[in-house]
Amino acid sequence: MNEAQDLFSLLRQSTDIDPQAIDAIKRTVAEGKDRELCRINAPTFAAKHGLDEERAIGAFLHAARVGIFDISWNVLCPGCGGVLDTNATLKTLQKDEYTCALCSEGYSPTLDEMVEVTFTVSPRVRRIAAHNPHELPLMEYFRQIYWGSGVDLPEEDFAKTMEAFSLEDIELAPGERAVLQIQLPPEFIIVFEPVTHSVQFIDVKGEATSERRSLSLVFDRDHIQNQTLEMQPGPLRISLENRTDTRALPTVFIAGHELHDLLGKRRPFLTAKRLLTNQTFRDLYRTDTLDINQRLKITSLTFLFTDLRGSTALYERVGDLSAFDLVRAHFQVLHEIVAAEAGAVVKTIGDAVMATFATPDRAVAAALRMRDAMRALNDKSGREDLLLKIGVHAGPCIAVSMNERQDYFGQTVNIASRVQNLANAQAIFATRAVVDDNLTADLLHRNALTPVPHEVSLRGIEQEVAVYTIP
């Protein structure tokens, strides 16, 4: 643990990290069960230890940066919550489509709910069983490796829960063959192998029979799914062969309410979208996010654009030096507010700021705080020097890498920018996608603010857009 002590000492040198989060992480690394240190779900960890989520996520990011944790970007099946692919960085997520054999569905990955970000303790700090996943017991392989951190698996009696819908299972070494003898009940049966993600569905119905049937299954990396078979209830002999270079873990499930109940219990997890809108992540991993050729989809992201009205006149009125100090102070305040509202500054362009937020309400909360902050700065100087225009819009976009920086592209970005251009001094303009959000509506109601709607035409947009002024 000497190296671990050194790394935690290094971590404590930063004043930006919540010391309570560091303490909770250090205790878990020292005393936690092995499975508690494999693919840690940061929001769940924060709730368990009474920590602020954003500060906990920031602590994990700093801890990963110094080498205490390894970050994993896992592509999830939105149906069963299984991990379809694991990546050490987002750069290696290159496939246009992923197929879940267990759900018999194909998915185009989005960064919203299909890519989770987890943290596993580095073997330099502490060795855990999951560092050698092919040595994990079958039940622990499902718990720690197959299912993502968003599936709310029971902490206790997990094996008992699995046994409620499991008929049989076996471990096959590379090249090994085996036979399972089972009695088919009148249920829908799944023979699932979680290492290769291979599956065989058996629809068992009709009159029971005493005739013994035979089924042969081969596990390799090329054939993950076979056609659904129909069989009568009764005895079945399953011949199994593992043609991979790792062990296989074929398991026979009953696809009944026990399995569906298990998979239906979900909890929040750290999505790739949320992490990309985290200021700490952008600061620490500025050049190590996306590959130059990647185009990753986001179903919905909220963009906030700001600009200073009359900044040219400001430089003429107060002089370059004073104007520069004012503009710099305004940038610092905006950065602090964006980070405090769980957003991230993507870039600054002249006197303008482009920021992103995972949800519209956090962007509107930031916009309200920005307006108040500019008023406070103006009151302090006794002049109306900082007149901030703000535009907010939410919608789909594509995460890209441009000019060695993680950026965003798409019509949503264009609309957000043009909505900001509509705003006059100290105004906040937002689109219907923003004000119709339930959390945004609650926020505005609590602040006794009623958005004023008007239809506008935006350059390059064919149809008029409903834009609201937030007074």
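**View 1. T120 within strand β5.** In this predicted model, the residue T120 is found in strand β5. With a relative accessible area of 14%, T120 counts as buried, because that value falls under the limit of 20% relative accessible area used for this word.

**View 2. The surroundings of the residue T120.** When its neighbours within four places in sequence are left aside, T120 is in contact with L37, C38 and R39, with I68, F69 and D70, and also with I128 and H131.

**View 3. The open sheet to which strand β5 belongs.** Three strands form this open sheet in the order β2-β1-β5, and their pairing is antiparallel. The edge strands, each of which pairs on one side only, are β2, covering residues 83–87, and β5, covering residues 115–121. Direction being ignored, neighbouring strands of the sheet are turned against each other by 35 degrees on average.

**View 4. The pairing of strands β1 and β2.** Strand β1, made up of residues 69–76, runs antiparallel to β2, and the two are joined by four bridges. Which residue in β2 is the bridge partner of V75? The partner of V75 is D85.

**View 5. Helix α4 against the sheet strands β1 and β5.** Helix α4, which comprises residues 53–66, lies across both β1 and β5, and the helix runs at about 115 degrees to β1.

How values were computed
Residues numbered from 1 in each chain as written. Predicted model: local features only at pLDDT ≥ 70, side-chain atom pairs only at ≥ 80, totals over all residues. Heavy atoms only, no water. Pairing = 2+ DSSP bridges. Axes fitted to C-alpha atoms, helices over the stretch in contact; angles between N-to-C directions. Contact = heavy atoms within 4.5 Å. Buried < 20%, exposed > 50% of the residue type's maximum accessible area, 1.4 Å probe, protein only.
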